[in-house]
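Dear colleague,

Please find below the structure that I am handing over to you. My notes on what was found in it follow directly after.

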Amino acid sequence: MEFRVLGSLQVVDDSADLTPSAAKVRAVLAMLVLRHNQIVSTRELIDELWGERPPATALPTLHTYVYKLRKMLGTGGPATVVTQPYGYLLATAPETIDVYRFERLVADGWSALERDDAAHATEALSNALGLWRGPALANLAAGELLSAQITRLEESRLRALQLRLDADLRLGRHRELISELKELIATHPLNEDFYAKLMTALYQAGRRGEALEVYQNLRQVLIGQLGLEPSPALCRLQRRLLSADPGLEQPDLDPAHPAAPAPAAPAAAVKPAQLPPDIGDFVGRGQVGDRIAAVLSGPAESGTAVRVVCVSGMPGVGETALAVHAAHRARASFPSGQFFAELGGSGVPADPGEVLAGFLRAAGVPAGDVPADRDERSKLFRTWCSDRQVLIVLDDAAGYAQIQPLLPGSAGCAVIVTSRFALHGFAGAHMVELEPLTEEEGLELLARIIGAARLESERAAAAHIVRLCGRLPLALRCAGSRLAAGQGLTLATFAGRLEDPRSRLSDLRVADLDVRTAFHATYERLGEPERSLFRLLGLLQTPDITMRQAGALLGCEPGHAERLLARLADCSLLSARTTPPGEVHYAIHELVRLYARECLERELDGRGEALPAPYDAWTTGGPAHRHEPAGAREEAGPPAGEAAGRPFSLTAPAECVNGGASHVLGP
C-alpha cells in the first residue's frame with residue numbers, strides 16, 4: 001500500500017486505487033498521512049473540516065469518517081487507523097508515504113552537494129522531484145491546517161529544485177539550464193535565486209549582455225511592484241559580471257573526458273554559540289557562582305558522567321541570570337560550542353523533540369537529516385556531542401522527563417538547568433538553591449540601575465526599598481526601572497508607595513517586568529488542593545508557617561497540611577529548612593504572601609463572599625490577632641482550641657474537601 005500526497009491525494013494498493021471519493025474523508029486521511037505515526041487530535045481534525053463554527057454533529061460525523069477509512073484500509077494490513085486518547089493515529093511504515101521518500105532523497109542530495117559530489121546530488125534530487133505529480137494535495141479543498149502543510153510541501157519542492165539547479169551548474173550544464181530557468185522566472189517572477197542562476201548560466205554560455213539584461217529586467221520588476229532594489233547578493237553578482245570576474249568562468253565538461261573535480265575545501269567546524277548576552281549589571285552570587293564554575297571547569301566525578309548543575313529558586317530570584325552569567329564565565333572550557341534552550345516550564349512546556357531539532361540544526365545537521373522521531377534525534381545529538389566539549393543551558397525546565405532527552409552522554413560536556421520546580425531523583429546533579437540577594441547586594445543592584453550618586457543621596461530610603469522588595473532581584477529591577485524612568489520621583493516617595501501592601505505588587509511592574517506575573521505562572525501549575533492552601537497563607541502576618549497553622553487554616557489534619565506545604569515548597573512558593581531534631585520549618589516570602597492574599601480575595605470576590613470575620617480579624621490585628629506583646633499570652637492563657645495540647649483553630653474545623661475548608665475555598 002502506498003500513500004501519495006505530492007500531487008492529488010491517492011491511496012494505491014498494488015494496482016487498485018483506494019482513494020476515498022468523499023472530500024472530507026480525503027481531508028481526514030491527508031491529516032493522518034502527513035502526521036503518520038503521530039497523534040492527530042480530534043480538535044485539529046474538526047477545525048480542519050469545519051473551521052471556527054463546527055456543527056453540533058461534528059464529533060459523531062468525524063467518527064463516521066474514521067470508520068470509513070478503517071473499512072477502506074482493512075484489518076491486519078500494512079496501515080491502520082488507531083484510536084488514541086483525544087485523537088487518531090495512522091500506523092504505517094514511513095516508506096509507504098511519498099513525501100517521506102522525497103525528503104530522504106533531498107537530504108541525500110544536499111549531503112552530496114556538501115561533499116562536492118555534484119553528479120550524485122543531481123541524480124538524487126532529480127529522483128526526488130520525479131515523485132511530484134502536480135501541486136500538493138491538489139484534489140482537496142484545504143482548510144487552515146492543511147493549507148499550512150501544502151505551503152510547507154511546496155517550499156520543500158522549490159528548495160529541492162534550487163539544489164538540483166546548483167548541482168547542474170557545477171557540472172557545467174549551463175546551456176541546458178537556460179530555457180528551464182527562463183520558464184521558472186516566468187512562473188516565479190520575484191524569485192531572485194532563479195534570476196541569479198540564469199545570469200550565471202548565460203554568462204558561462206558566453207552571453208554576457210543577456211545576463212546583464214536579466215538583472216535590469218528584475219530590477220524593473222522589483223521597483224515597479226515592491227519599490228525595492230535587488231538584494232545585495234544579486235548586486236554583487238552584477239558587479240562580478242561587469243568586471244568579468246574569472247571566478248564565474250566554468251569550462252564545458254566533456255562527458256567522455258570529465259575534468260577532475262577540484263578538491264573540496266575542508267568544511268568549517270560548526271561551533272554553536274547560542275548563549276544569551278550576559279547581564280551588564282549582574283551583582284552578587286559570588287560563592288554560588290564560584291561553586292558552579294568549579295563544577296563546570298573540573299572533571300566529572302565519575303570520570304564518564306556528564307556534569308550537571310541544577311539551579312532552582314522562587315520566581316524572580318534570578319536563576320536565569322545566574323545560569324547565563326556562569327555559562328559565560330565557563331565558556332572557554334567548552335571550545336566546541338554552547339547551546340541554550342528556553343523550556344517554558346512555568347508556562348507551556350517546550351517539546352523536547354523540537355528543542356533537539358533546533359540543537360541539531362545549530363550543530364550543522366541539514367534539516368532533511370534531522371530524524372522525525374524524538375528518540376532518534378536524542379541519539380543523533382548525543383553522537384554529535386560524543387567527541388566534543390559542549391556546554392548546554394536549559395532554562396525554566398518543567399521536570400526531569402523534559403530534560404532527560406536533551407542531555408549529552410559524554411564527560412566532556414556539561415549542563416546547567418534552571419527550574420522553579422524541585423528536580424527530585426536527578427542522580428549525580430549538583431543542586432543549587434538560590435536565595436534572595438543580601439541587603440548590600442540589593443543596594444548595589446539598585447545603584448547600578450538608578451546611579452550611585454542618586455542612591456547615596458537617599459541611602460536610607462534605598463535600603464527601605466530593598467527591604468520592601470524582599471531583596472528579590474526581579475522586584476528590585478522593577479523598582480529601579482520605575483525610579484530611573486521617573487526622574488522626578490524621589491526614593492522616599494516611592495518607598496512610601498511600596499509600604500501599602502494593597503498596591504505594592506502593582507507598583508513593582510514596568511514594561512514586560514512584572515513580579516505578579518512571575519508568581520502567577522507558578523500558581524497556575526498548582527493543583528486545586530495546593531492552590532487552596534496557598535490562598536489562605538495570604539492571611540498570615542509572619543513569614544514562618546507551621547503544620548498546625550496550615551492544618552487550622554484548612555480544617556485538616558496537620559499531616560495532610562504538611563504534604564501540601566511540601567508541594568508548595570517543591571514549586572518554590574515556600575522555602576523549607578530542616579532543624580534539629582529533623583523538624584521541617586516553612587516560610588513564605590513577603591511578596592509571595594501578598595500575591596496569595598490577592599488570590600484569596602479574587603476567589604472570594606468571584607463568589608460574592610466577604611473575608612470571614614475570624615480570618616480578617618487575624619489579618620488586621622483584631623481579637624484573633626496572633627502577635628501579642630511578650631508575656632501577654634502567659635497572662636491570658638492559651639487560645640481557644642489550644643488547651644490540653646489540641647491544635648488551635650481559627651474557625652470550627654470544616655469538613656476536609658480535597659484539603660480545603662469548603663466555605664472559604666469552594667469545591
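The buried residues of helix H16 are Glu441, Gly442, Leu443, Leu445, Leu446, Ala447 and Ile450, where buried means under 20% relative accessible area with a 1.4 Å probe and protein chains only. These residues pack against helices H17 (452-457), H18 (459-468), H19 (473-485) and H20 (491-498), contact being heavy atoms within 4.5 Å. Helices here are DSSP runs (H or I, at least four residues), numbered from the N terminus.

The model is predicted: local features need pLDDT of at least 70 and side-chain atom pairs count only at pLDDT 80 or more, whereas totals for chains, interfaces and linings use all residues. Residues are numbered from 1 along each chain as its sequence is written, and side-chain values use heavy atoms, with hydrogens and water left out.

H16 has twelve residues (439-450) and, at 1.5 Å a residue, should span 16 Å, which agrees with the 16 Å between its end C-alpha atoms; the expected span is 1.5 Å times one less than the number of residues. Gly451, which follows H16, has a positive phi near 105°.

Turning to the aromatic residues, the structure holds ten aromatic pairs, a pair being rings of Phe, Tyr or Trp (its six-membered ring) with centres within 6.5 Å; planes under 30 degrees apart count as stacked, over 60 as edge-to-face and the rest as tilted. The ring centres of Phe519 and Tyr595 are 6.0 Å apart and their planes lie at 55°, so this pair is tilted. Because Phe519 lies in helix H22 (residues 515-523) and Tyr595 in helix H26 (residues 590-606), the pair ties together parts that are 76 residues apart in sequence. Phe519 is buried, with a relative accessible area of 0%, and Tyr595 is buried at 1%. Tyr523 and Phe534 also form a tilted pair, 5.7 Å centre to centre with 45° between the planes. Tyr523 is in H22 and Phe534 in helix H23 (residues 528-537), so the pair ties together parts eleven residues apart in sequence. Elsewhere, ring pairs link Phe339, Phe359, Phe381 and Trp384 into a cluster.

Helix H14 (374-385) is one of the helices that each supply at least two residues of the lining of the largest pocket. H4 gives the most to that lining, with eight residues.

Yours sincerely

Methods:
Buried means under 20% relative accessible area, exposed over 50%, partly exposed in between (1.4 Å probe, protein chains only).
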